[in-house]
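Reader: I am new to reading protein structures, and I would like to learn how to look at one feature at a time. Could we go through an example slowly?

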Amino acid sequence: MKDEHLSAEALRAENAELRGLVEQLRAQVATLEQEGRALRETTTRDRRIIEGLPILVYLFDIVDAQSVYANRNVAELAGYSPEEIKAMGADVLTTLVPAEDLGGFMRNFERLRRAADGEVIEREYRIRKRDGTHRRLLDRVVVYSRDPGGAPRVVLGSVQDVTEQREAEAALARAKALVEHALDGIAVLDPAGNVLHANEAFTEMVAPGERVAGSAIWRWLAPGPAGLSEAQAESLFRREESWSGRVDFQRADGRSWTARVDAIALDRQATAGAATAIFLRDITAEIASESERITLQAQVIEAQASALRELGTPLIPIADEVLAMPLVGAIDEARAQRIIEVLLGGITAQQAAVAILDITGVRAPGAYASDGLVRAARAARLLGAEVVLTGVGPEAARTLIELGADLSGIVTQGSFQSGIAYALGRRRRGVRPTPADERSASDRGRLST
């Protein structure tokens with residue numbers, strides 16, 4: 001009985017131990033199941049992250065030269081699905097990489113075969129899309145796994161499309177070259193008016209041989225009406241979105257020069273104030289040339305005006321003591337005064353007894369012409385000469401009467417020829433004007449229509 005009792009006790013102990021082992025196994029299984037679920041969730045999350053990355057992530061077998069894995073972004077870069085990429089096999093490189101870029105691509109493979117763990121190798125190349133266009137890619141690669149001999153077998157790479165970035169960089173380089181080699185001075189000022197950057201032309205204009213970066217623009221402004229004060233310059237650069245005008249500058253040696261200035265605010269939305277781009281063009285020589293041109297033009301105009309005045313008041317000697325002045329065109333106040341001056345000068349110089357004023361070519365004489373003729377006659381009488389007015393047609397006669405012109409002391413003849421004949425007849429008779437002649441001339445000077 002005693003042995004049977006011991007045998008039952010042993011069985012119960014063994015059963016209890018087995019139940020404990022079962023519970024441990026169940027706990028381990030539950031833990032493994034929980035870890036498995038967590039692993040699956042992590043794997044799913046990581047896959048979603050990789051698939052959602054804005055860059056191409058891939059695994060590539062450099063021994064067999066074929067794709068092992070590529071996330072979905074490959075379709076955006078090359079227009080192919082990962083399945084199509086994998087199906088290309090060994091032809092994937094020749095299909096996607098242009099022949100002129102393939103040599104450099106393969107040389108990078110040689111670098112990868114010698115790469116240490118964790119060493120990042122960068123390469124940039126173009127890829128040919130399904131539609132035949134090209135994109136420029138930046139590829140960063142590390143060793144992912146090695147063969148039993150320790151040589152790299154599979155590499156992990158990330159590819160970023162840098163096409164727009166490289167195009168922007170090229171455009172920026174071209175713009176920079178244009179600015180640096182421009183003939184105009186170009187500078188960027190901070191909101192306080194300090195020079196942040198200046199091209200070579202700007203430096204040569206404002207301060208040859210000096211460093212201009214960090215200096216305030218008004219340091220080089222010249223005193224005087226065309227210069228800007230510090231307060232004006234600061235107000236201009238802080239408040240105006242754009243401004244153009246002439247400004248005088250002064251170099252260290254005291255020489256002043258004038259610039260055409262164009263200022264443009266670069267970013268009016270900036271909270272700390274906008275930077276300003278200014279463009280300078282030295283117009284000193286241009287201004288001097290323009291001034292000389294204006295002076296020369298004024299001289300030419302004056303010479304032309306003088307010549308026209310002479311042509312407009314021609315004084316022709318007809319015979320001894322007889323002068324004639326044929327007038328053409330309109331007579332304004334200045335020309336009327338000129339007629340009197342030339343007539344009196346000619347009478348004095350020629351000791352003329354008769355002066356013929358022919359108005360055949362004068363448009364309807366106005367107040368200035370009528371007054372000028374009257375004053376000319378009176379002045380000529382004071383010098384002992386007689387004035388004969390010829391070429392008075394019906395329209396001119398009507399105008400003179402309507403204006404109330406006092407033609408007393410002026411002999412009138414119908415034509416220039418009759419006026420000459422009258423003057424020569426007076427000369428042959430040796431007749432000089434007398435008070436009686438003046439009264440007679442006054443009677444003859446009464447015009448009628």
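Reader: Which exposed residues does the face of H12 turned away from its buried side carry?

Author: Please keep in mind that this is a predicted model. The face of H12 turned away from its buried side carries Pro394, Glu395 and Glu402, which are exposed.

Reader: And which residues of helix H12 are buried, and why are they on the same side?

Author: In helix H12, which runs over residues 394-402, the buried residues are Ala396, Ala397, Thr399 and Leu400. They cover an arc of only 165° around the axis, and therefore they lie on the same side of H12. Helix H11 (367-382) is included in what covers these buried residues of H12, and after H12 comes glycine 404, with a positive phi near 70°.

Reader: How should I read a nonpolar core, and which residues touch the most other members of the largest one?

Author: The general idea is that in soluble globular proteins nonpolar side chains tend to be buried together. Here the largest nonpolar core has 30 residues, of which Ile347 and Leu357 touch the most other members. At least two residues of this core come from each of strand S12 (322-328), helix H10 (333-350), strand S13 (354-361), H11, strand S14 (386-390) and H12. Leaving aside its neighbours within four places in sequence, isoleucine 347 has contacts that include Leu323, Ala355 and Leu383. There is also a second, separate core of 27 residues, with Tyr58, Ala70, Met88 and Leu102 among them.

Reader: How many cavities of 30 Å³ or more does the structure hold?

Author: As a general idea, rolling a probe the size of a water molecule over the atoms shows where empty space is left. This structure holds three cavities of 30 Å³ or more, and the largest cavity has about 270 Å³ of space. It is lined by 21 residues, and the closest to its centre are Leu56, Tyr58, Val92, Leu96 and Tyr125. S1 gives the most to this lining, with four residues, and by class the lining has 19 nonpolar, one polar and one charged residues.

Reader: Where is glutamine 351 placed, and is it buried or exposed?

Author: Glutamine 351 has its place in the loop between H10 and S13, and it is exposed, with a relative accessible area of 53%. Its phi is positive, near 50°, in a residue other than glycine. Glutamate 321, found in the loop between strand S11 (316-319) and S12, has a positive phi of about 70° although it is not a glycine, and glutamate 321 is partly exposed, with a relative accessible area of 36%.

Technical notes
Residues are numbered from 1 along each chain as its sequence is written. This is a predicted model: local features need pLDDT of at least 70, side-chain atom pairs count only at pLDDT 80 or more; totals for chains, interfaces and linings use all residues. Side-chain values use heavy atoms; hydrogens and water are left out. On a 1 Å grid over the protein atoms alone, a cavity is a set of points where a 1.4 Å probe fits but cannot get out, and a pocket is an open set with protein on both sides within 12 Å along at least five of seven lines; lining residues have an atom within 4 Å of a point. Grid points are joined across faces, edges and corners, and a volume is the space filled by probe spheres set on the points. Ala, Val, Leu, Ile, Met, Phe, Trp, Tyr, Cys and Pro count as nonpolar, Asp, Glu, Lys and Arg as charged, and the others, Gly among them, as polar. Buried means under 20% relative accessible area, exposed over 50%, partly exposed in between (1.4 Å probe, protein chains only). The arc is that of the directions from the helix axis to the C-beta atoms. Contact means heavy atoms within 4.5 Å. A nonpolar core is a set of buried Ala, Val, Leu, Ile, Met, Phe, Trp, Tyr and Cys residues joined through side-chain atoms within 4.5 Å.
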